[in-house]
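Please open the structure in your viewer and keep the selection tool at hand. The tour goes from one selection to the next and says what is found at each stop.

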Amino acid sequence: MIQRSLTLFGGLFVLILLMGWVMGAPFTSSRLVEAAAYALIALGLNIQWGYGGLFNFGIMGFLMVGGAAVTFISYPVNPVFWGGEGPAMLGKALLAFAGGALIVLAARKADRIGITGKWKAVLTVLAWFVAYVLYRSQLDPAAAYIESAAGGGWVGGLGGHPILGWVFGGVLAAGIAYVVGKICLGLRTDYLAIATIGISEIIRALIKNMDWLTRGTLTVSPIPWPTPLPQEFQAGGMNIANSLLAARAGYLLLALVVLGVVLWLISRAYAGPWGRMMRAIRDNHIAATSMGKNVTARQLEIFVFGSVLMGIGGAMLVSFVQIFDPSSYQPINHTFLIWVMVIVGGAGNNWGALFGAVLLWLIWVVSEPLSKAVFDFVSTWSTQFGWGAIPEIEARSAQMRVFVLGLVITIALRFAPTGLIPEVVKRES
């Protein structure tokens, strides 16, 4: 297995070199930065699915949360918002939210004063209604004011370091994952998958429509880098080409450091008693329960851990492209593709998830320009023979990415059903 892994990673290294020679160093360096972020996200899914057997089809939602978080932390401060009545109005909305939460909590504890059964259910529903009305009565005026010219259009950022935004993205994703997990982890596996899809779409709808907080479909740009930008190198006298490479190399180095630390930590954890417990829960949760393990608590644990990595990875991607556009998030790019990375690479094996993420992302981004080159060549040849040119080459080239991805899945699973680098469990004799 070690020889197989070394061979595959060696082939991947050759592919990267070939890609740099054909596509150029600036293009390749950018794709490698993105591949490192996607590898971090794939490791998060590997924790959830490979370690615990949890179907999370809401990856896109956690990526959006990470992107919104780094935007809020690192984007420059909006002085118009902070100089107006917006902060005070948002403060009132937060107090209304806290008051509504206390009302709901009190209704849920109504059995302590003798209100039980259907009357408790009625009281709880009424409490939710009152809490919602109370919160919206304060939030709607605040949102309307902030979105106006007097309120600055939107809240803006805090002007913090992007690394803090990455951390906040992980923390925010963890908080959402905890709430989602408390609700959904008691469901059957297929129900959990459907529930996470719904949660992801709810998150996307909220972020796209909260113009006062995220600017919605208006997008936010430019988002600061955690490392020096090309313009900073150019200010020191470096030419444009070298400045691009130097800046992207710095970002790639930082991304690789984060990825390396995460990979080392989760590999150490999975190789120890915690990992053995997770494998036992994944393979037979009934037996694990009979041995005294709190299965739901452990599943919630890995669901939160995996979501943290997804939030950080989503923040890294948004920082790198320097634009937060909620409309750009699509399930095929930000959920299905991550699943393919883990399945093809090898679920339950961190190196397999890493290999699958880098390989599939490079194939995904290269397949479109290569398809366009092939279509252009065939179109020129067919025109010379009087058969006419191929229409809509740009659109057809973009669609070829999905075809190539499906072809890769089919071939990989035909010859390696458990993944290219599958999980290897050492068993004591």
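Begin by selecting helices α2 and α15, whose axes come within 9 Å and cross at roughly 70°; the axes are lines fitted to C-alpha atoms, for helices over the stretch in contact, and angles run from 0 to 180 degrees between N-to-C directions. Helices here are DSSP runs (H or I, at least four residues), as strands are runs of E with at least two, and they are numbered from the N terminus. The helices α2 and α15 are therefore roughly perpendicular to each other, on a scale where angles under 35 degrees count as roughly parallel, over 145 as roughly antiparallel, 65 to 115 as roughly perpendicular and the rest as oblique. To show where they meet, select Tyr 38, Ile 41, Ala 42, Leu 45, Asn 46 and Trp 49 of α2, together with Asn 333, His 334, Ile 338, Trp 339, Met 341 and Val 342 of α15, a contact meaning heavy atoms within 4.5 Å. By class this contact has 9 nonpolar, 3 polar and no charged residues, where Ala, Val, Leu, Ile, Met, Phe, Trp, Tyr, Cys and Pro count as nonpolar, Asp, Glu, Lys and Arg as charged, and the others, Gly among them, as polar.

The model is a predicted one, in which local features need pLDDT of at least 70 and side-chain atom pairs count only at pLDDT 80 or more, while totals for chains, interfaces and linings use all residues. Residues are numbered from 1 along each chain as its sequence is written, and side-chain values use heavy atoms, with hydrogens and water left out.

On the α1 side the contact is made by Ile 16, Met 19, Gly 20 and Met 23, and on the α2 side by Ala 25, Phe 27, Thr 28, Arg 31 and Leu 32. These residues divide into 6 nonpolar, 2 polar and 1 charged.

At 9% relative accessibility, Glu 34 counts as buried (buried means under 20% relative accessible area, exposed over 50%, partly exposed in between, with a 1.4 Å probe and protein chains only).

Next, select Trp 49, Phe 55, Phe 57 and Trp 339, which form one aromatic cluster. A search of the whole structure finds 20 aromatic pairs; rings of Phe, Tyr and Trp (its six-membered ring) pair if their centres lie within 6.5 Å, and planes under 30 degrees apart count as stacked, over 60 as edge-to-face and the rest as tilted. The rings of Trp 49 and Phe 55 have centres 4.7 Å apart and planes at 45°, so this pair is tilted. Phe 55 also pairs with Trp 339, and there the arrangement is stacked, with 5.9 Å from centre to centre and 20° between the planes. Because Phe 55 lies in the loop between α2 and α3 (59-74) and Trp 339 in helix α15 (residues 331-345), the pair ties together parts that are 284 residues apart in sequence. Trp 339 is buried, at 6% relative accessibility, whereas Phe 55 is partly exposed at 24% and Trp 49 is partly exposed at 25%.

Move on to Gly 419, in the segment after α17 (393-415), which counts as buried at 1% relative accessibility. Not counting residues up to four places away in sequence, Gly 419 touches Arg 4, Ile 343, Val 344, Gly 345 and Gly 346.

The last stops concern the backbone. Most residues other than glycine have a negative phi, and most peptide bonds are trans. Select Ser 221 and Pro 222, which are joined by a cis peptide bond with omega about -5°; Pro 222 is in the loop between α9 (211-214) and α10 (230-235). In the loop between α9 and α10 you will also find Arg 215, a residue other than glycine with a positive phi, near 70°. Finish at Gln 322, in the loop between α14 (295-321) and α15, where phi is near 65°, again a positive value in a residue other than glycine.
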